[in-house]
Amino acid sequence: MQSRARGSAIRGPLAALAAALAALPEEYGPEGARSALLLSCDLVHPAAVADRLVRESLGDSEAVVLRDPDGRGQWLAGRYRLSALRAGAALAGAPTGGRLRAALAGMSIRFVDVPAELVADIDTPADLAHARATTLEPPSARDPESPDPDDLGAETL
C-alpha cells in the first residue's frame with residue numbers, strides 16, 4: 001500500500017496498517033474484543049485464510065497468527081484485536097521505514113499450524129504461474145452462457 005502523508009509517500013505493511021486504523025471509526029475496537037484480519041495482498045488463497053482465521057477463537061490472546069510447517073509465523077495471515085493493533089501501531093511510531101513486527105512485538109499471540117498450501121503467497125513469476133495452474137478454472141470450465149471477460153465491452157472491427 002502507498003499513502004500520502006505530509007507530501008511524502010509512505011509504503012509497506014506498517015504504513016498500510018496505520019492508514020487502515022486511521023480510517024476506522026473509533027467505535028471499531030474500543031478496548032473490546034473487536035478484531036480485524038491482516039491479510040497479505042499476495043496470498044494464493046485469501047478466502048480460505050480468512051475463513052480459517054474467523055473460525056479461530058482469540059480466547060485470551062490479542063492475536064491468532066497462522067504458522068507454516070517451517071515454523072514461520074505469517075504475520076499477514078492473522079486476526080488481531082483492534083485495541084492491540086492500535087496500541088502496537090502507536091508504539092511502533094512513524095510508519096515510514098518501520099517494520100510491522102515492531103507493532104506486533106508486545107502482543108500475546110496464539111499460533112495455529114497450517115499446511116503450506118494455505119499460506120502460500122506469490123513472490124515470483126513462477127509462483128504466479130503455479131497459482132494460476134492450480135487455483136483458477138480453465139476457460140473451458142466457464143459457464144457457456146456467461147460472456148468471456150476479455151470480450152466485455154469490446155467491439156469487433
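Author: Let us begin with two terms. Helices (H or I, at least four residues) and strands (E, at least two) are DSSP runs, numbered from the N terminus. Two strands pair if DSSP finds at least two bridges between them. As to the source, this is a predicted model, in which local features need pLDDT of at least 70 and side-chain atom pairs count only at pLDDT 80 or more, while totals for chains, interfaces and linings use all residues. Residues are numbered from 1 along each chain as its sequence is written, and side-chain values use heavy atoms, with hydrogens and water left out.

Reader: Which elements does the protein contain, and in what order do they run?

Author: There are 5 helices and 6 strands in the protein. Read from the N terminus, the order is β-β-α-β-α-β-β-α-α-β-α.

Reader: How do strands of a sheet pair, in general?

Author: Strands pair through backbone hydrogen bonds, in a parallel or an antiparallel sense. Here, 4 strands make an open sheet, ordered β3-β5-β4-β6, with mixed pairing. β3 (35-39) and β6 (109-113) are the edge strands; each has a single partner strand, so one side of each lacks a neighbour in the sheet. From one strand to the next, the twist averages 20°, where axes are lines fitted to C-alpha atoms, for helices over the stretch in contact, and angles run from 0 to 180 degrees between N-to-C directions.

Reader: How many bridges join β4 to β5?

Author: Strand β4 (residues 63-67) and strand β5 (residues 73-81) run antiparallel and are joined by 5 bridges. Leu66 is opposite Gln74, and Arg67 is opposite Gly73. The two strands form a hairpin with 5 residues between them, and Gly71 in the turn has a positive phi of about 85°.

Reader: In which sense do β3 and β5 pair?

Author: That pairing is antiparallel, over 5 bridges. Ser35 has Arg81 as its bridge partner in β5, and Ala36 has Tyr80.

Reader: Which helix packs on the sheet?

Author: Helix α2 (residues 46-55) does, touching β3, β4, β5 and β6; contact means heavy atoms within 4.5 Å. The direction of α2 makes about 150° with that of β3.

Reader: Which residues make the nonpolar surface patch?

Author: Leu37, Leu39 and Val54 make a nonpolar patch of about 220 Å². Such patches consist of residues with over 30% relative accessible area and no salt bridge; like charges are joined within 9 Å, nonpolar side chains (Val, Leu, Ile, Met, Phe, Trp, Tyr) within 5 Å. A salt bridge is a side-chain nitrogen of Lys or Arg within 4 Å of a carboxyl oxygen of Asp or Glu. Accessible areas come from the Shrake-Rupley method with a 1.4 Å probe; for residues, only the protein chains shown count as cover.

Reader: Is Thr134 buried or exposed?

Author: Thr134, in helix α5 (residues 125-135), is exposed at a relative accessible area of 51%.

Methods: Buried < 20%, exposed > 50% of the residue type's maximum accessible area, 1.4 Å probe, protein only.
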